[in-house]
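Work through them with the model open.

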Amino acid sequence: MRSTTQTDTAAHEGRLWSVRADDWAAIQERQVAAAYEAALEALHVGPSTRLLDAGCGAGMFLRLAADRGADVRGLDASERLLAHARTRVPGAEMIQGELEQLPYADASFDVVTGFNSFQYAARPAVALAEARRVVRPGGRVLLLNWAPAELCEAAGYLMALGALMPPPPPAAPGPFALSDVDALTALFDDAGLDVVAVDDTECVWTYPDEATAIAGLMCSGPVVGVAEHAGEQAVHDATVAFLEPFRTGEGGYRISNVFRHVIGTPRG
């Protein structure tokens with residue numbers, strides 16, 4: 001069997017995240033806005049900050065950083081998500097590319113961020129090391145991922161979707177594999193980064209009605225992948241069943257999740 005390469009991974013993830021890119025841009029990306037704002041504060045992003053968002057999605061974080069005066073660049077595997085990012089931040093350079101082979105010179109940026117992106121690389125430590133390479137000495141690299149499952153109400157949804165897939169190979173990483181502080185610290189150490197901060201942010205996902213909630217939950221690349229394997233109807237039914245306990249009195253939905261960011265600076 002042919003092994004998966006980083007190029008295979010980028011093409012695969014780019015295709016999955018492109019399928020429902022419009023729903024991601026319109027509904028789901030804003031659900032982590034609180035984490036974006038917390039990151040901007042923690043990184044002291046402001047005028048003249050040279051910033052790369054690696055795995056920039058539809059560009060919401062880049063827009064927020066640009067509004068603070070930062071000089072921003074974006075990279076993502078999905079061309080359809082990048083189309084939204086280009087619309088949100090006109091004139092900023094947006095490149096379709098691979099996290100493990102960033103097309104930038106050494107020490108090009110003050111800050112490199114990765115919001116729910118580095119874990120999708122074939123080799124997350126290599127992707128994080130690339131972020132370290134392109135950040136200047138004394139610069140900062142941020143990784144954001146799920147906090148531990150017990151802090152995330154969406155964990156039940158991920159478990160329901162996992163049941164629709166074949167059993168993963170032994171030792172295959174799950175969605176919360178990089179939630180533990182020790183695991184994150186080890187990853188940063190492997191990438192040549194010293195951890196300087198770890199912080200959690202609650203992000204409350206809100207949807208006005210069932211149709212919007214279903215579209216938001218089903219638009220991410222991993223969920224698209226499950227639907228391609230198990231069928232659209234099976235994922236739709238699992239989504240509806242998951243949502244029921246989170247219905248509000250007004251007919252909308254409210255799901256609370258915590259996200260964890262880690263900030264590191266290049267060693268030496």
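This is a predicted model: local features need pLDDT of at least 70, side-chain atom pairs count only at pLDDT 80 or more; totals for chains, interfaces and linings use all residues.

Q: Does H44 count as buried or exposed?
A: The cut-off for exposed is over 50% relative accessible area. H44 has 65% relative accessibility, so H44 counts as exposed.

Q: Which loop holds N116, and how does N116 count by accessibility?
A: N116 has a positive phi of about 50° although it is not a glycine. N116 sits in the loop between β4 (109-115) and α6 (124-134). Buried needs under 20% and exposed over 50%. At 23% relative accessibility, N116 therefore counts as partly exposed.

Q: What is the phi of G231, the residue that follows α10?
A: Helix α10 covers residues 221-230. G231 follows α10. The phi of G231 is positive, near 105°.

Q: Which residues in α10 are buried?
A: Buried means under 20% relative accessible area. In helix α10 (residues 221-230), the buried residues are G221, V223, V224, V226 and A227.

Q: At what angle do α10 and α11 pack, and why are they oblique?
A: The axes of α10 and helix α11 (residues 232-243) are 6 Å apart, and the packing angle is about 125°. Angles of 65 to 115 degrees count as roughly perpendicular and those over 145 as roughly antiparallel. The angle of about 125° therefore makes α10 and α11 oblique.

Q: Which residues in α11 meet α10, and how does the contact divide by class?
A: From α10, the contact takes V223, V226, A227 and A230. From α11, the partners are E232, A234 and V235. By class, the residues of the contact of α10 with α11 divide into six nonpolar, no polar and one charged.

Q: How far apart are the axes of α3 and α4, and what is the hand of their crossing?
A: α3 and helix α4 (residues 60-67) pack at an angle of about 40°, and their axes are 10 Å apart. Angles under 35 degrees count as roughly parallel. The pair α3 and α4 is therefore oblique. The crossing of α3 and α4 is right-handed.

Q: Which residues in α4 meet α3?
A: α3 contributes A33, Y36, E37, A39 and L40. By class, the contact of α3 with α4 has eight nonpolar, no polar and one charged residues. The α4 residues in the contact are M60, F61, L64 and A65.

Q: How do the axes of α2 and α9 cross, and what is the hand of the crossing?
A: Helix α2 (residues 21-28) and helix α9 (residues 210-217) have axes that come within 8 Å and cross at roughly 120°. α2 and α9 are therefore oblique to each other. Their crossing is left-handed.

Q: Which residues in α9 meet α2?
A: On the α2 side are D23, I27 and Q28. The contact of α2 with α9 has three nonpolar, three polar and one charged residues. On the α9 side are T212, A215, G216 and L217.

Q: Is A58 buried or exposed?
A: A58 lies in the loop between β1 and α4. Leaving out residues up to four places away in sequence, A58 touches W24, A25, E29, L81, H84, A85 and R88. Its relative accessible area is 0%, so A58 is buried.

Q: What separates the C-alpha atoms of A58 and V45?
A: A58 and V45 are 13 residues apart along the chain. Their C-alpha atoms are separated by 19 Å.

Q: With which side chain does the side chain of S256 make a polar contact?
A: S256 is in strand β7 (residues 253-266). S256 is buried because its relative accessible area is 11%. Beyond four places in sequence, S256 touches L151, C152, E153, E202, C203 and V204. The polar contact, at 2.5 Å, is with the side chain of E202.

Q: How does G174 count by accessibility?
A: G174 lies in the loop between α7 (155-162) and α8 (181-190). Its C-alpha atom is separated by 33 Å from that of T87, 87 residues apart along the chain. At 42% relative accessibility, G174 counts as partly exposed.

Conventions
Residues are numbered from 1 along each chain as its sequence is written. Side-chain values use heavy atoms; hydrogens and water are left out. Helices (H or I, at least four residues) and strands (E, at least two) are DSSP runs, numbered from the N terminus. Buried means under 20% relative accessible area, exposed over 50%, partly exposed in between (1.4 Å probe, protein chains only). Axes are lines fitted to C-alpha atoms, for helices over the stretch in contact, and angles run from 0 to 180 degrees between N-to-C directions. A crossing is left-handed if the near helix is turned anticlockwise from the far one by less than a right angle, and right-handed if clockwise. Contact means heavy atoms within 4.5 Å. Ala, Val, Leu, Ile, Met, Phe, Trp, Tyr, Cys and Pro count as nonpolar, Asp, Glu, Lys and Arg as charged, and the others, Gly among them, as polar. A polar contact is a pair of N or O atoms within 3.5 Å; within protein, one must be able to donate a hydrogen and the other to accept it, and residues adjacent in sequence count only if both atoms are side-chain atoms.
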